[in-house]
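Trainee: I would like to learn how to read a structure such as this one, step by step. Could we look at it together?

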Amino acid sequence: MQNNILAVPFRKGAHLSLSSAIRQYISTKYDQHPDMFRQDLEVIDALRRDAVNVREPHPTGVSRLQAYAGQLVWIGGKFPIDIGADFTWYPALGYNTERPIVHNNLKFELANILYNLAALYSQLAIASNRSSTDGLKTAASYFSQAAGVLTHLKNEVIPELRTTPPEDMDEHTLDSLIKLQLAQAQECYWQKAAMDGYKDASIAKLAAKVSDLYNEAGEAAMRSEAISSSWIHHTSAKHHHFAAAAQYRAACDCLEKRKYGEEVARLRDAVACVAEGLRESRGGYLHKTVVDDLNGLKRRVEEDLKRAERDNDVIYLNPVPPKSELKILDRATMAVARIPPQVSAPLDYLSEKGEFGPPLFTKLVPYSVHIAVSIYEERRDRLVNQNIIAELETLNERIHEINSSLNLPGSFQAFEKPLGLPGTLVQHAEEIRQADALHRLQRSFADIDKLRAADLAVFAEGKDLLQAEEEEDVQLRRKYGTDRWSRPESRTEPNQGAKLWNQATDAEGWFANSESSDAVVRDKSHNIEPILAVLAGPDRGLLDFVPSSRRTEIPELLKPAINRLRITHTNALRLEGRRRRKAESLREKARSDDIKTDILAEAARLERSHAVATAIVPAHFEEFFEKRLDALYEPDLELVQTEASDQEKLISELIRVNRDFESQKKMVGDKGNREREQALQKLENAYYKYKELVSNAEAGRKFYNDLNRIIGGFRDGARNFVTERRREARMLEDEFNMPPLNNLSLGGQQTRVPSVQSPVPPENGWNGGTSYQGQPPQPPQNSFMPPPPPPRQQVQSPAEAHIQSWAPAGETIAPQPQLPRANPMQGVWNPGAGIKFANTPPPVSAAAAGGANVGNNAQQEKKPASGTWDRNSAIRFG
């Protein structure tokens, strides 16, 4: 099998009983019994088992992965994303391939399945027979589908993950893998064109595009923490290889068109590109097949260049243009990311006779329906409480304000009842006594204080967690430095951190506003408390508070005006009483408005109305909500408008009648009635202020109860976030605290070599544990960000590349970091101690000497080394 192209390795998944989590969720959250779905539960476990066990490049694995992915998309509409199953998967790329990643997240499971589907397509492409044109077409198709699946994963699934994606699924890694698959698909088209004998100009265009795609793959890989350095060197070498191949084919086209000077220029550039590609092979990072391809192209190009230069110098004598004057080659794009329809529209394949079989849990009420019920109830309550009842209460308050401004009913009661207490006042006083008004307000305020304190405690717990985590992160950032401790701060963490801190800011604003509102209500209560105490006291106290009038009879001139005023005022009171009864009936109507039966029928209708299986979402019920709310509550909304219109007319009549009464009262005089009128009006105002305070207290209690749910969610979210951040911090610290490389077994050597220990700590800041060998030490396999970070080789391409060793030939596995090579000196160097060399050192291979960059010293005179090493002198071996 050829090994000049790369395959995406599989992610390993741990076995899990998904049916157990679904069964538990149905038992706790739904009204249906899980035994109703016994067959579906068995099927979902079988689908997952088959999908997780796909580890070999066989076409049957495609349908297994697609079928499970399709069912995951479908049940995503039935269950929440955090269903209660801890899905465990191991990364396929990077330094942490043995460290599992666990998430209670259906989207995370779907992302892993789609990733493995892309890996399967990629490995099927490599397994294809690319020695024939049909095999090349098949391989190119597989590579294009792999790129399409990865594109779908990046654009559609990862954004809905609600958590930080794993390293090998982040944006840069997926970008690199997509470009790599497209580059290899384009390479198949280039190879097919060469086999079919296409014109050199066409082959050059195809090769130029291959070079571009490999370059883009390498640039994205260098921004990724998961792509291995060997892959980056591979993409860089292929980029230069196909740049040289494109120039070579363009030179052949120039020869055919008798452009001999341009032919020489393009051949020279091809030689330079091949040389750049071969530079990536230093240290043995490239596979032998890639190096052989480069060397073969180099020999062919150099032979043609010698011939072209000789012919042009002797025969044609055409000027050779510089590279800057050469026309940039055109590109021919053949490879495009192609998303299989089974991935982009999986629900189309779910049916009794469909490719994926019938959709599972169809008889289960979709989770989206439960969400839709909650949305409807919230919308209904908001409509009833805010748009109807609140408006009716506002109209009542308007009547109270008008009555208070007109001194009603005290102004006419002082005349009608010159002695004793008016009947309405006696009723109000009895109501205040039975309600135990003063103690009721005190209990309400005490309850509100308790609720507020509880909410503040919950909020403080959540915020303290965030602040503690922020302080810990700052300390660790100072300890390790911003270059190594590169994770975002909690306030700017894009998935949860920024959201939680914004919620904390909002909550502080809510508490501040509520404190101000509570203070206003308490001031109102304090102002009416003395008058309210009189109302709540015995009748003797009321009689003492209300002075008797000196006029015992109503003047005849005032009787018609008083009668009209009393009737109009009574009509206003009746209007208020009618609204209170309407508000109570509306509340009862809203409580009895059970939508569950109707919405289930609507959900069934929606599922039947689609020709294919479709995941029901709350948005599908918008029209149903509007029709139901309009049918049930539109008459009540219209009633509010009618009430407002009737009230304005009544208020105008009341003001007019009161004006007539006041004018008549001035004519007869009101001596002896002024004090009684003011006392009666104070008691009447206190009664209505009390009713208003009761309403305010109920609103405050409801506010803090609702706030408790919100703040509780904030606290729980902060707990989960801080737990995850601390776990992540421990992982990073474990990586930073890995033992130095001189304590590890290097290159599989079993011989124990004693190291030279420095008696004094080095003063130059170097790590005394650094191994002295032919190439810089590479990080261990499970290192995330090893100290110190591995130096990366400069790549002669538009972007720099980082290199790791090549995987063994014939294996399709995740690229692993290259272990440091065996030290030719078989020892560990400490710069603070002396360096001694044996008289007869072991032979050093040319590769090792070249890798150590000390080839220039190999030619120096050999003499025994003794004493300590002078840093200003060269190191001599032998």
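Trainee: Which helices do the buried residues of H10 pack against?

Mentor: Before the answer, please note that this is a predicted model, in which local features need pLDDT of at least 70, side-chain atom pairs count only at pLDDT 80 or more, and totals for chains, interfaces and linings use all residues. Residues are numbered from 1 along each chain as its sequence is written, and side-chain values use heavy atoms, with hydrogens and water left out. Helices are DSSP runs of H or I with at least four residues, numbered from the N terminus, and contact means heavy atoms within 4.5 Å. Here, the buried residues of H10 pack against helix H8 (229-256) and H9.

Trainee: Which residues of H10 are buried?

Mentor: Buried means under 20% relative accessible area, computed with a 1.4 Å probe on protein chains only. In H10, the buried residues include Val290, Leu294, Leu297, Val301, Asp304 and Asp311.

Trainee: What span does H10 reach from its first C-alpha to its last?

Mentor: The expected span of a helix is 1.5 Å times one less than its number of residues. H10, with 29 residues, reaches 39 Å, which is close to the 42 Å expected. Just after H10, Leu317 takes a positive phi of about 55 degrees.

Trainee: Where is the place of Leu286?

Mentor: Leu286 sits in the loop between helix H9 (260-279) and helix H10 (288-316). Leu286 is buried, with a relative accessible area of 8%, and its C-alpha atom is separated by 6.2 Å from that of His234, 52 residues apart along the chain.

Trainee: Which side chains does a polar contact join to Glu109?

Mentor: A polar contact is a pair of N or O atoms within 3.5 Å, where, within protein, one must be able to donate a hydrogen and the other to accept it, and residues adjacent in sequence count only if both atoms are side-chain atoms. Glu109 lies in helix H4 (residues 106-127) and counts as buried, at 0% relative accessibility. Its side chain has a polar contact of 2.6 Å with that of Arg48 and one of 2.9 Å with that of Trp89.

Trainee: What pLDDT does the chain average?

Mentor: The pLDDT is the predictor's confidence in each residue, from 0 to 100. The chain averages a pLDDT of 81, and 81% of the residues score at least 70. Over residues 741-867, however, the pLDDT is below 50.

Technical notes
Helices (H or I, at least four residues) and strands (E, at least two) are DSSP runs, numbered from the N terminus. Buried means under 20% relative accessible area, exposed over 50%, partly exposed in between (1.4 Å probe, protein chains only).
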